[in-house]
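Hello,

Here is the structure I said I would pass on. Please open it alongside this note; what turned up follows below.

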Amino acid sequence: MSAPTTAYAVTPQRVLHAEWHKLRTLRSTWWTLGLSVALVVGVGLMMGSTYDGDDANIDTVVFTLFGTQLSQICIAVLGILITASEYANGLVRATMAAVPRRLPVLWSKAAVFTAVAFAVTFATNVGTFLLAQIWLSDTDKALSLTDSGVLGALAGSAAGITLLSLIALGLGALCRSVPAAIGAFIGGVMILPEVLQMISFDPVQSAVKYFPTKSAEALGSITPVADHNGAGTGLVALVLWAAATLAAAALLLKRRDV
């Protein structure tokens, strides 16, 4: 007797489970996440153990999480690998044959990656902050997790990195090439705002504040960042950037051949 058709039905839960299985069984996932954690913790410990009062004007959370400027590249590369690498190794043909509607694959990849990226970055941020406070507890940068704004800044930093990396995931789906997507992310997302910021033209200066990296910078600080929008505006801008990138990827995924 043949098995019932429902035993092989494609459901959102099964697509999510498949994408989670792919993510956790790839060595590149653990290497990339491990490197990102090591960078944040290592730089945080160095900053805390060598603090001599010269950087008293820098926000404490920003000071202890300087390593996130490097780790965000690692997480972004992981986001790109999740989508673009399937086109490089041919796995995408099997994936789309199993899920002919296609879009559930993209949404599941984004959902699984968002959950993992935020959980890892937030846990790393909290751990790094607590470790750095071992050396900073007797300085002007002494803070605890219960102090006003600390947990919000730590979570904001994690949210900023996660949303930036979600943009990278969308770029991977758009470019279908790991090198091209990495180039687009570094050039268009990370470098372009710095170049535009050099233009002394008020409309350009105002627009740059809404770019992804500038919006992310506003999220990881206890105190407002000069020449940036507020944390709420920055979060909304980042969410819109990520949504727009994924929407474009979804549109092309439906229209292009695998």
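The model is predicted, and it holds five salt bridges. Start with Lys-22 and Glu-86. Their closest N and O atoms are 3.0 Å apart. Lys-22 sits in helix 1 (residues 12-25) and Glu-86 in helix 4, so this bridge ties together parts 64 residues apart in sequence. Glu-86 is buried, at a relative accessible area of 4%.

Glu-86 also meets Lys-109 in a salt bridge, 2.5 Å from N to O. Lys-109 belongs to helix 6, so the pair ties together parts 23 residues apart in sequence. Lys-109 and Glu-86 are both buried.

Next comes Lys-214 with Glu-194, where the closest N and O atoms are 3.0 Å apart. Helix 10 carries Lys-214 and helix 8 (residues 178-196) carries Glu-194, so the link spans 20 residues in sequence. Lys-214 is buried at 7% relative accessible area. Glu-194 is partly exposed at 33%. Through shared partners, salt bridges join Glu-19, Lys-22, Glu-86 and Lys-109 into one network.

Now the helix packing. Helix 6 and helix 7 pack at about 145 degrees, with axes 8 Å apart. The crossing is right-handed. By class, their contact has 18 nonpolar, six polar and one charged residues.

Last, helix 11 (residues 231-255). Its 25 residues reach 36 Å from first C-alpha to last, close to the expected 36 Å. Its buried residues include Gly-234, Ala-242, Thr-245 and Leu-253. The buried residues of helix 11 pack against helices 4, 5, 6, 7 and 10.

Best regards

Technical notes: Residues numbered from 1 in each chain as written. Predicted model: local features only at pLDDT ≥ 70, side-chain atom pairs only at ≥ 80, totals over all residues. Heavy atoms only, no water. Helix = DSSP H or I, 4+ residues; strand = E, 2+ residues; numbered from the N terminus. Expected span 1.5 Å × (residues − 1). Buried < 20%, exposed > 50% of the residue type's maximum accessible area, 1.4 Å probe, protein only. Contact = heavy atoms within 4.5 Å. Axes fitted to C-alpha atoms, helices over the stretch in contact; angles between N-to-C directions. Left-handed = near helix turned anticlockwise from the far one by under 90°. Nonpolar A, V, L, I, M, F, W, Y, C, P; charged D, E, K, R; others polar. Salt bridge = Lys/Arg side-chain N within 4 Å of Asp/Glu carboxyl O.
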